[in-house]
Amino acid sequence: MSKTKETPGTNPVLSQQDMKIREKLQQIDHKIMVMSGKGGVGKSTVSINLAVGLSLENFYVGLLDVDLHGPNIPKMLGVERGELQRRPDGTVGPVYYSPNLKFMSVEPLLPEKDSAVMWRGPLKMSAIRQFIYDIEWGKLDYLVIDAPPGTGDEPMTVAQIIPDAYAIVVTTPQEVSLLDVRKSLNFCKQVKMPVLGIVENMSGMICPHCGKAVDIFKRGGGEKLSEELEIPFLGRIPVDPRIVTTGDAGHPLISAYPGSHTAEAFEKVVRNAINVTHMMAAEKTENQ
Ligand SMILES: Nc1ncnc2c1ncn2[C@@H]1O[C@H](COP(=O)(O)OP(=O)(O)OP(=O)(O)O)[C@@H](O)[C@H]1O
Ligand SMILES: [Mg+2]
């Protein structure tokens, strides 16, 4: 499909689809895309623990994995090859993780678990549109969107189809990663996506022997940057080997180790995300 044909309003089928997408998105109160300029900084880990944390606060939550080439959410939630909800009226719902947390990723649509997705721009864009258009998410308080690294087709498509999405930018304390944060922030500025805040991941470390927090790595860079740029700082998550084991085992740390230092760090991020979202939503209503 050519770019001109995709412009809403010039193609009747597409504008109908746009309208349906808009209608469906109206049922979702808050949309949050978790992004970063750099790979492997913990976006999927933050997305999952944020989504599970919100669901533990009794919110209705959806988790949308728009990382089409590396969909990690199903494995990290322990629901690989999960079943989409095929309803008698022909509609399709996302995969259930718990009664109030459902997720969608490209994984349930692949013929095999290890199938490689070899899609380019337009196909990726239409896949993400269909995640909203074809999937019955129903009424949700929060939709958390896990993006692949960088500012390519996937976050761009999210920005286009979900104009009221907020961004959470994940970083690690290193200088190089902080430079990448600035790129993500510039992207948000260009696409007019308000930034909910920064999460500093792998900040300090939890000793695998005594379980106490140890400051062996440099930390605080994300907080400094957020102060400098006047963006809320949502919290820091320490390096904790249990994040890897719980991620691999499909039991998100926030629910697998309640009361631990790291679970509390995630809970703080969840609380801050709730507060800032509500504050920003209220500001938006006031300005309307
Ligand atoms: N705070 C942490 N402590 C220890 N390990 C962590 C932490 N955060 C993430 N990890 C581990 O680092 C790896 C990368 O994390 P994750 O997949 O969440 O990153 P990502 O930014 O989503 O990566 P990608 O850019 O590939 O999508 C995973 O194995 C994860 O378990
Ligand atoms: Mg990821």
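Hi everyone, let me start with a glutamine: Gln17 touches Arg129 and Tyr133, leaving aside residues up to four places away in sequence. Please keep in mind that this is a predicted model. Gln17 belongs to helix H2, which covers residues 12-25. Is Gln17 buried or exposed? Its relative accessibility is 18%, so Gln17 counts as buried, since the cut-off for buried is under 20%.

Now let's move over to the ligand. Where does ligand 1 sit? You'll find ligand 1 in the second largest pocket. Around ligand 1 there are 16 residues, and the closest are Gly40, Lys43, Ser44, Thr45 and Pro238.

Thr45 has a polar side-chain atom 2.6 Å from an oxygen atom of ligand 1. With Ser44, a backbone N or O atom lies 2.9 Å from an oxygen atom of the ligand. On its own, ligand 1 has 630 Å² of accessible area, and the protein covers 80% of that.

Which elements supply at least two residues each to the shell? They are helix H3 (43-56), strand E9 (195-206), strand E11 (233-239) and helix H9 (241-249). The largest share comes from H3, with three residues.

Definitions and conventions: Residues numbered from 1 in each chain as written. Chains lettered and ligands numbered in written order. Predicted model: local features only at pLDDT ≥ 70, side-chain atom pairs only at ≥ 80, totals over all residues. Heavy atoms only, no water. Helix = DSSP H or I, 4+ residues; strand = E, 2+ residues; numbered from the N terminus. Buried < 20%, exposed > 50% of the residue type's maximum accessible area, 1.4 Å probe, protein only. Contact = heavy atoms within 4.5 Å. Near = heavy atom within 4 Å. Polar contact = N/O pair within 3.5 Å; in protein donor to acceptor, adjacent residues only side chain to side chain. Areas by Shrake-Rupley, 256 points an atom, 1.4 Å probe, with all protein chains shown as cover. 1 Å grid on protein atoms, 1.4 Å probe; cavity = no way out; pocket = protein on both sides within 12 Å on 5 of 7 lines; lining within 4 Å. Sits in = over half its atoms within 2 Å of the grid points.
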